[in-house]
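Hello,

Here is the structure, with my notes below it. Please read them with the model open.

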Amino acid sequence: MVRGVLVLAAAVVVAGASAPALAGACKACDKIAHGDDGFCCGKGQIFGLKLASKTLYEALAGHAVDAKSLTCSGCKVAAKTDGSCAHCQVVAANGKFYHSRAAHILAKGKPVSVRKASYCTGCNTAHADNGYCSGCGVGSVAGRAFKEKAQYEAALAAYATITKAVRASSQCEACAVAMVTDGSCDHCRVRFKNGKKSKG
């Protein structure tokens, strides 16, 4: 009888220990699966785009900064004005620094949930297909709202660049990063400007 109870207890312990693994207990992965940006366990998401390159993800992800701890005068101004620092080659938006202008442009948009967008039929449609609601004068790209038409159009172009980089990352990560940072790939001997191959 005692032996049977011990065997049963051991089985319960083993089952309990394996349950989280079976359920996919990684919290970061769970958040990504539910729509948050992030990278974990070899896969990630940024601006609603799924990607498998951590290098590209890190090039696109913004990094939170403490304005009080900044020592660079250019970065201090950038942090206060959502501007840029030519010396450190960063652009700021909403308390974060970005090395990618394409990511910076999208980050300036206001995240809008599907529930909020559904209050207006035009906004609901725009939210679903990166469109523009002429009734409200608001464009939507990657689930973010842009009030000015020029900002919306810039966001569309930035999203197209990032989408292209995500596809390119499966062939060459260096090229993908160069696409979104106006950089170069020494291996492929190409340079990029505004997401396109640059002459020279």
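Leaving aside residues up to four places away in sequence, alanine 59 touches His99, Ser100, Val177 and Val180 (contact: heavy atoms within 4.5 Å). This is a predicted model, in which local features need pLDDT of at least 70 and side-chain atom pairs count only at pLDDT 80 or more, while totals for chains, interfaces and linings use all residues. Residues are numbered from 1 along each chain as its sequence is written, and side-chain values use heavy atoms, with hydrogens and water left out.

Alanine 59 lies in helix α3; helices (H or I, at least four residues) and strands (E, at least two) are DSSP runs numbered from the N terminus. Its relative accessible area is 13%, so alanine 59 is buried (buried is under 20% relative accessible area, exposed over 50%, partly exposed in between; 1.4 Å probe, protein chains only). Its C-alpha atom is separated by 8.8 Å from that of alanine 103, 44 residues apart along the chain.

In helix α9 (residues 173–181), the buried residues include Val177 and Val180. The buried residues of α9 pack against α3 (54–60), α5 (101–107), α8 (149–168), β12 (184–185) and β13 (190–193).

Just after α9, aspartate 182 has a positive phi of about 55°. Its side chain forms a salt bridge with that of lysine 193 (3.8 Å, N to O); the term means a side-chain nitrogen of Lys or Arg within 4 Å of a carboxyl oxygen of Asp or Glu. The pair links distant parts of the chain, eleven residues apart: aspartate 182 is in the loop between α9 and β12, lysine 193 in strand β13. The structure holds one salt bridge. Aspartate 182 counts as partly exposed because its relative accessibility is 29%, and lysine 193 counts as partly exposed at 48%.

Regards
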